Structures are given as structure tokens and as C-alpha cells.
Amino acid sequence: MKKAIYPGSFDPVTNGHVDMIVRSASIVDELVVGVLNNSAKNPLFSVEERVSMLEEITKDIPNVTVASFDGLLVDYMEQIGASLIIRGLRAVTDFEYELQIAQTNHRVSPAVETIFLTTNLKYSYLSSTIVKEVAAYGGDISHFVPEQFIERIYRKYNIVK
């Protein structure tokens, strides 16, 4: 049984993230969406809020669970019995960074493998950072995030739409 993790900050969850989750869930037996609790970042949403949003959006995908973690990803993977990391690649610049991380993870924990999935072309430009930038100025984010999260994102910026 192949258990994989799709790790990220998911701050906020984008349509690109959802696409990666759906596609990843179709190729592994069990997928854990791992929400990183990174104390070095100042997130828009709390870890609990991000986990809740991901649980809401994945509730109909039976082999997906959502959990938060901190520390080294490979240590968390050992705790949950996962052997695969799934990462999305939008561009060549993503590959350079992700390859370095994948090689480091494999060196630290030789049982860990990383699978790279290219993003759907319609989301190849999309990132949580872009969503936050557009939302902060009251721009239209309806093409970037699941509909049920739009109002929550604007509220974080005290914007009523």
C-alpha cells in the first residue's frame, strides 16, 4: 500500500492545490495533505483554519486525510508511515528548488522518494502569494481559489465584497 504526503503551507488553498490533491489521490492508495506549521512565516490563515479548509474541500475524496505538522518532513513521514512525497512543478525554476529538496530528503531518509507532477496548464501561474496580493487590493480572486473560500480570504483583509 503506497502512502504519500502532499506537503505545503496552503495559505490559502488555491485551485491549483485542489487539482494536485485530486490527481495525487488517484495514483496512491492513501494521501495525506500535510499542512506545514512554519514559525518562520507570518501566515494569513492559522494552521487550524488551513486544515479546516482542506478538510472541507477534500471531504468527498475517501483516500485523503489532512493533518498539520512541524519539523522535518521526513520525520513526520516516518511517524505516519508514508514513503512518497508529491510535489507540484509550475516551471523550471520550481524544478531546481524542488530537486534540491528531494535530494536532501532522500539523503536524510533513503526510504523516501519524491514524485513530481506538473501542474495543469490553467494553474501554472498560480500561487498562494499571488492570491494574497490580488486579494489585499480587493481584486477578483474567483478564478484562483475554491468559491467557498473567497469571502474568508477577503475578510482577512477587511474587505467586504
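**Note on the core and salt bridges**

1. Thr58 counts as buried, at 5% relative accessibility. Here buried means under 20% relative accessible area, exposed over 50%, and partly exposed in between (1.4 Å probe, protein chains only). This is a predicted model: local features need pLDDT of at least 70, side-chain atom pairs count only at pLDDT 80 or more, and totals for chains, interfaces and linings use all residues. Residues are numbered from 1 along each chain as its sequence is written, and side-chain values use heavy atoms, with hydrogens and water left out.

2. Thr58 sits in helix H2 (residues 47-58). Helices (H or I, at least four residues) and strands (E, at least two) are DSSP runs, numbered from the N terminus. The Thr58 side chain reaches the backbone oxygen of Leu54 at 2.7 Å. Setting aside neighbours within four places in sequence, Thr58 is in contact (heavy atoms within 4.5 Å) with Ile21, Val64 and Val66.

3. What does Ile21 touch, leaving aside its neighbours within four places in sequence? Its contacts are Tyr6, Leu31, Val33, Leu54, Thr58, Ile61 and Val64.

4. The largest nonpolar core has 36 residues. Such a core is a set of buried Ala, Val, Leu, Ile, Met, Phe, Trp, Tyr and Cys residues joined through side-chain atoms within 4.5 Å. Ile21, Leu31, Val33, Leu54, Ile86, Ile141 and Ile153 touch the most other members. At least two residues of this core come from each of strand E1 (3-8), H1, strand E2 (30-36), H2, strand E3 (64-69), strand E4 (84-89), helix H5 (128-136) and helix H6 (150-156). Another core, of ten residues, lies apart from it; Ile5, Phe69, Leu73 and Val74 are among them.

5. Helix H1 (residues 15-25) is mostly covered, with nine of its eleven residues buried. Among them are His17, Asp19 and Ile21. Thr14 caps the N-terminal end of H1. A side-chain oxygen of Thr14 lies 3.2 Å from the backbone nitrogen of Gly16.

6. The whole structure holds eight salt bridges. A salt bridge is a side-chain nitrogen of Lys or Arg within 4 Å of a carboxyl oxygen of Asp or Glu. One joins Arg152 and Glu56 (2.8 Å, N to O). That pair links distant parts of the chain, helix H6 and helix H2, 96 residues apart. Arg152 is partly exposed at 24%, and Glu56 is partly exposed at 28%.

7. Glu98 and Arg87 also meet in a salt bridge (2.8 Å, N to O). Glu98 lies in helix H4 (residues 92-108) and Arg87 in strand E4, so the pair ties together parts eleven residues apart in sequence. Glu98 is buried at 7%, whereas Arg87 is partly exposed at 21%.

Technical notes. A polar contact is a pair of N or O atoms within 3.5 Å; within protein, one must be able to donate a hydrogen and the other to accept it, and residues adjacent in sequence count only if both atoms are side-chain atoms.
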